Structure formats: structure tokens, C-alpha cells
Amino acid sequence: MSSLAPSLAIDARDVEKSFRSGFTGTRRTPALRGVSLVVPRGIIFGLLGPNGAGKTTLLSILSTLLTPDRGSVRVLGLDVVREAAALRRRLNMASGRPSFLWSLRVAEIVAFYGRLYGLSGRALAHRVDSLISEYELEPYRRLPYNELSTGLKQRVALAKSLVNDPELLFLDEPTLGLDPDVSVRVRAHVAALRERGMTIVLTTHYMREAEELCDDVAFIKAGRILAHGTPDALKRQIKLGSVIALRLDPPAVPWLADADGVLRVTADADGWLECVVDDVEKRLPVLLRQLVGDGVVIRNVQVREPELEEVFVELAR
Amino acid sequence: MSWRGEALAVWAVVVRNAIMASRNVFFFFELLFWPIVGVVSIGFMTRFLALTPAQGSFVLIGTIALSVVNVCQLEVAYAVLMDVWSKSIKHQFLAPIGIRHLTLGSWLVGIVRGLLVFILVAALGGWAFGFRVLEPGLAAVAIFLLGCFVNAWIVGVFVCALITLFGNRAEAFAWASVNLVLMLAGIYYPVSVLPDSAAAIAKAIPLTYFLDAYRSHFGFATEFAAPITTGLVLSAFYAMAAHAAFWAAIQRARRTGLLLKMSE
């Protein structure tokens, strides 16, 4: 058994999981193939990957909803199989496709789960009221769940997921299908939770969301963790290079793609040329000198680091 | 978990099921429509066949048992079914809740609903067909109802296990199972009229003994020695088996991912 430092929220080693399928159940589809993952406490950790990569399977194992076939998983210092009952009191989850009993009203949903976590009387009423207020659900507290919009359902799910003030919160695609303004508010709420010291593990398809929120991310594909680190470290690790965006007159320069250190050149519809270079500090002065010497007018220059989305595309390829 | 925590978790399920029961029209159908239809149609049949009051009582006891067990058993099955329908089952099993809380909480609501059905059916049977349900005395009625409720819990928990094992495909069991059990337990007839193989199965069903004991108060010779004790012992055995089956089904659902599939 691995020893778990108190600062670790998750310590997963060589986790494997496969699902049986087919009429006789003899076909096995591997979902996780030896995943190892360490997540410190108090951070927002992003689990990124394409559809079917194993994100939800891993999240479900970490949250005790699924049992792993092999490997050891300790969450908050507890084994997810043998100590699942004790662990469930200390974690919670909200998913991007929330669903609760259709006839229960907003306040009743939060109260139901509050009771399951041992709240009662004034403490329960206070907790329900404060969560409803925090997630701006007051005008809807007496509405049945099936009459709520997608955004409101998502907010109910978030309120429910905080009812036990969890040490570890799992968010599975928390802004899926939400309007942009609602997504911004949800992200602000999530960021505020980290300030309270809560550890958050989230899966998302939105790389900007991961970049904005996550202290640490892991890319998972076909059941394997391909990369793990801070967003900046991953960009360096993948060696995507930096982007020099140029607005030139004339707009096309044939030799640019063959210049030293230029990895690739793409032109967009707005007349920008994007040169991906291996080392921006070394290549930018040389390129600018060559362009000026060639009689090209440089109207605008922008330099930017690659976005997490590009790292994702590179890894998912 | 502390006793307070245990009680709170059970209470959470009681409140949830009670709210759902008060806001959904099909719960009223279970409570009013089917029991009334059952008693009225059986009552008229007893008149048409010119059964003696004792024979009429025999048949109406079966109808009462069917109505009470059915409504209580469905409530226990709703512990899982409602979450399957609403795709919220993963939230339930993510929370620190055991199957004892789920089944006990929903059973308590089932008992209340079963008692309402019993009162309604007994009153209607008495008013329309002269059936005196309290004639054997309160103790006999209480033991009969206890048998009905315990058997409802057993059937309901087995249904929960089947749903957790097979998903929505097993939903039909929720409605069909109790009818099968009552058919074998001698709903409208003594089990002695059943073929030998079916009679052997009937003897393994605890409700058979509670029906037999209650009918003995209406002048029918009991078919079994110590039927109440036998019924209670068998009930205890099946209650443990049902609990174990539900527990095993949940463990399997956590292994196969069915808990997640039922939430998608």
C-alpha cells in the first residue's frame, strides 16, 4: 500500500478498468489502462481528453461510484473500495448533465441531500438558505426541478454538491451546454471554492476553462495519461513553439515557410500570417530584418504563446 | 454512523418519497383507483356467484392483501425506481447512504400508504358488501397487516435488486412480481387447490401463512400448524436474503458501471 502524504488529495497507482459488452458480456472494452495520478490538496485539477478517453471513468472511480479492476486508489487518505463509506461523507460531485427527481423543488433537493449528509433542523435550513442565496436560486426555490432551465439545473447541481462542504469536489463538465454568461458565473464560483481551500477535480472540453481555472492538468487519451503538469509546463513539454502573427504587405511571402526555425506557416482569412517558430527571441529579430530587407511592409506584429487548446489538439492527434 | 445519522438518512428518504407521492398522479391511482376497482369487482363477483358470507370474506381478504402488499411493495421499489426514471441514481449512491436507509425509509411511507388502502378497502368492503374486516379483533388484523407489510418489503427489495442488476429492463418486475407471489400464496383460494409443485412453492412464501392465519378467524380451517410463527421465520429469512441480494446487486453495478449508465 502506498503511503499518502497529508498534502495529497488523490493518489492513484496503475489503475485499470474495463467494461464488458456484447450479448454474452465476453467482450471487454478497456477504459483505463494503468493510470497513475497524484493530485495535491487545495488546487483545481483539470482532467482533459477527447470523448471516450476515460475521464468520466476515472472520475467515477475516484468518487467511489465505480470500483477499479486493478491498481490502488486513495482519496483524501482513504481507500476508495475498502473505506468508501467514510470517504463519501467528505466528497461530492456535480455533473454537466444534472438530473434530480422531477417533482422536488429546488430547496427540497438541497435539503434531501443535506439530510443524507447528517444535517437537520436549523443547521440544515441555514445550509439550504445559504446555498440557494450563493447560487442565486432564491426566486426559484419553490419551483419543481423539471420546470427549471438548463442553467438553473446546473446551479442546483452545484448547490447540492456543496451541501456537505466537501473537502474534495468533482465537477464533470460543469459548464456543458450553458450560456456564456452563466458559464462565466459558474467559473467564478469554482474559482471562489479554491480560495476556501477545497480541492476540485474537473473534466472539461473547454480548454479556455481549463486554462483559466486549473492549477494542474492531465491529458488522458485511450485510458492513458499522456501528459500531466501545469498548463504552462505542458505547453513547454509539448514543444509547440511560439506563434508570431504578422500582417504584411504584400500579404504572402513565399520564403517564410522555409526560413530557419520556422515550424509552419498558416494564413487566416483576415490577412494574418501565423508563423510557429521554435524560439521566438532568437527568430523574431532575424525574420523582421529579412522581411524589411526584402521590401516587405510590416503593418503589425503580435507574439503569443500557444494555447492549451493547441496542446490538446497535438496530444489528441 | 451514529443513531442520529441513521435516523436522519431514513427520514430523508421518508420525506422525499412522501413529497413525490403527494405530487404525482400515478400515486393516487395506486392508492385509490386500483384498490377500489379490485374490491368492487370482486364484491360483485361474490354476489353473482352467490357465495356465502364466509366465502366472500375469504376472497375479499385476498383482494385486501393484494392491494395493501402491492401499494407498499411499489413504494419500496420506488427507492430505486424514481432515481432510475429521473437518472439521478448516481447522486444517491455517491452520498453516504446505505440500502437499509433507502429501503426502510421508503417502506415506512409504504406502510402509511398501505394502511390508507386497507382502511379504504375495508370501509368500502363493509359498506358495499357487508364484509367486517375488524371482526377477528385488532390483534389479528395487526398481525395480518404486519405480514403484508413485511412481505411487501421483501418483494420490493428484491425488485430493487433486480433493477440494480438489470437496469430499466427489470422495471416490469415492480408491477408483476407481487401478482405472481399472491397467485402462489393463495390469493382467492386455499393453497391446497394448487397443483403439488405450485403448492410446494406456496409453502415457501411467508404471505401464504399470514393469509391462512387471518382466514382462520372467518371460520376456515387452518392448513398449517403455527402459521404466524412459520410466516415470521420465513419472512426473517427472506428479508435477510433480499437485503443481501440488493447489496450484492449494488456492488455489481459499481463494478459493471450500470450505476453510471442508469444516470445517463
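Which residues does Asp172(A) touch, not counting residues up to four places away in sequence?

Residues are numbered from 1 along each chain as its sequence is written, and chains are lettered from A and ligands numbered from 1 in the order in which they are written. The structure is a predicted model, in which local features need pLDDT of at least 70, side-chain atom pairs count only at pLDDT 80 or more, and totals for chains, interfaces and linings use all residues.

To the opening question, then. Asp172(A) touches Thr56(A), Leu59(A), Met93(A), Ser95(A), Gly96(A) and Thr203(A). Two residues are in contact if their C-beta atoms, placed from the backbone, lie within 7 Å. Asp172(A) belongs to strand β7 of chain A, residues 168-172. Helices (H or I, at least four residues) and strands (E, at least two) are DSSP runs, numbered from the N terminus. Is Asp172(A) buried or exposed? It counts as buried because it has 22 C-beta neighbours inside 10 Å. The rule is that a residue is buried if 20 or more other C-beta atoms lie within 10 Å of its own, exposed if 12 or fewer, and partly exposed in between, with C-beta atoms placed from the backbone. Asp172(A) also lies 5.6 Å from Leu202(A), C-alpha to C-alpha, although 30 residues separate the two in sequence.

Let us now take chain A as a whole. Its secondary structure comes to ten helices and 14 strands, and its C-alpha atoms fill a box of roughly 80 × 50 × 45 Å along the principal axes. Of its 317 residues, 40% are buried. Among contacts between residues at least 6 apart in sequence, 68% join residues at least 24 apart. The average pLDDT of chain A is 87, and 92% of the residues score at least 70; pLDDT is the predictor's confidence in each residue, from 0 to 100. Over residues 1-5 of chain A, however, the pLDDT is below 50, and this stretch has eight contacts in the model beyond near neighbours in sequence.

Next, the strands around β4 of chain A. Strand β1 (residues 8-21) and strand β4 (residues 70-75) of chain A pair in the antiparallel sense over five bridges. Two strands pair if DSSP finds at least two bridges between them. In this pairing Glu16(A) stands opposite Arg70(A) in β4(A). On β5(A), residues 78-79, β4(A) pairs in the antiparallel sense over two bridges, and Val75(A) stands opposite Leu78(A). The strands β4(A) and β5(A) form a hairpin with two residues between them, and Leu76(A) in the turn has a positive phi of about 50°.

Two further residues of chain A deserve attention for their backbone angles. Thr64(A), in the loop between α1 (55-62) and β4 of chain A, has a positive phi of about 75° although it is not a glycine. Thr64(A) is buried, because 24 other C-beta atoms lie within 10 Å. Glu136(A), in the loop between α4 (121-134) and α5 (150-161) of chain A, has a positive phi near 55° and is likewise a residue other than glycine. Glu136(A) counts as partly exposed, because it has 13 C-beta neighbours inside 10 Å.

Pro250(A) is found in the loop between β11 (242-249) and β12 (262-267) of chain A.

I turn to the nonpolar core, a set of buried Ala, Val, Leu, Ile, Met, Phe, Trp, Tyr and Cys residues joined through C-beta atoms within 7 Å. The largest such core has 161 residues, and those touching the most other members include Leu62(A), Val75(A), Ala65(B) and Cys160(B). Helix α3 of chain B, residues 53-85, provides the largest share of this core, 19 residues. Leaving aside neighbours within four places in sequence, Leu62(A) is in contact with Ile10(A), Val73(A), Val75(A), Val80(A), Phe170(A) and Val201(A).

Finally, chain B and its contact with chain A. The contact takes 27 residues from chain B and 25 residues from chain A. On the side of chain B, α1(B) gives the most, with ten residues. Helix α10(B), residues 227-256, has 30 residues and reaches 42 Å from its first C-alpha to its last, close to the 44 Å expected at 1.5 Å a residue; the expected span is 1.5 Å times one less than the number of residues. Just after α10(B), Gly257(B) takes a positive phi of about 90°.
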